[in-house]
Amino acid sequence: MSTTQSERLRELLEPLVSSQGLDLEEIAVETVGRKRVLRVVVDSDTGADLDRIADVSRALSAKLDETDAMGSAEYTLEVGTPGAERELTEHRHYVRATGRLVRFQLAEGGELVARILAADEDGLDLEVPGVKGRKATSRRLAFDGIARARVQVEFNRKDDASDKNDKKEEEA
């Protein structure tokens, strides 16, 4: 997709997405066989459930139908949320990933896997898991020290103490 088309689509669609209380994260037009697919990725601080996705999809579809932003050729509109292992590129992504395990490619070289405890304007407070029975350690990481960051999927995450207390109260 040309930068001009991408910019036009973003200018056209972003106000509609924002009016639904969501952020427009990504726009991509791909050719699949003879058809084109317009993929729109949206998110918010509170997430986006299926009803919100459906509402924004209808609004975007109506807007695209009334303009020539996609041209006259047939296309399919797909609206969704970022994947589980999303790349973190904006400050809001780091804030939304608080509590999640993230793999960082460091600007100075090397890699770090840590849990985001807090995010502010300058960087992140992290908890680096202990290895082989050692305790976790705290670390501060400035945003300019991050080359890339991607959320990691955790299948065996241990519940924190507050979750355990909540479960005990529910059982009582």
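Is Lys132 buried or exposed? At 84% relative accessibility, Lys132 counts as exposed, where exposed means over 50% relative accessible area, buried under 20% and partly exposed in between (1.4 Å probe, protein chains only). The structure is a predicted model, in which local features need pLDDT of at least 70, side-chain atom pairs count only at pLDDT 80 or more, and totals for chains, interfaces and linings use all residues. Residues are numbered from 1 along each chain as its sequence is written, and side-chain values use heavy atoms, with hydrogens and water left out.

The chain contains 4 helices and 8 strands, which are DSSP runs numbered from the N terminus (helices H or I, at least four residues; strands E, at least two). Along the sequence these elements follow the pattern α-β-β-α-β-α-β-β-β-β-β-α. Of the 172 residues in the chain, 30% are buried.

Lys132 is located in the loop between β6 (123-128) and β7 (137-142). Although Lys132 is not a glycine, its phi is positive, at about 50 degrees. Strand β5 (residues 111-119) includes Glu111, which is partly exposed with a relative accessible area of 45%. A distance of 9.6 Å separates the C-alpha atoms of Glu111 and Ala149, which are 38 residues apart along the chain.

Helix α2 comprises 17 residues (50-66) and reaches 24 Å from its first C-alpha to its last, close to the 24 Å expected at 1.5 Å a residue; the expected span is 1.5 Å times one less than the number of residues. Ile53, Val56, Ala59, Leu60 and Leu64 of α2 are buried. Seen down the helix axis, the buried residues of α2 fall within an arc of 135 degrees, so they line one face of the helix; the arc is that of the directions from the helix axis to the C-beta atoms. On the other side of α2, the exposed residues are Leu50, Asp51, Arg58, Asp65 and Glu66. At the start of this helix, a side-chain oxygen of Asp49 comes to within 3.2 Å of the backbone nitrogen of Asp51.

Methods. A polar contact is a pair of N or O atoms within 3.5 Å; within protein, one must be able to donate a hydrogen and the other to accept it, and residues adjacent in sequence count only if both atoms are side-chain atoms.
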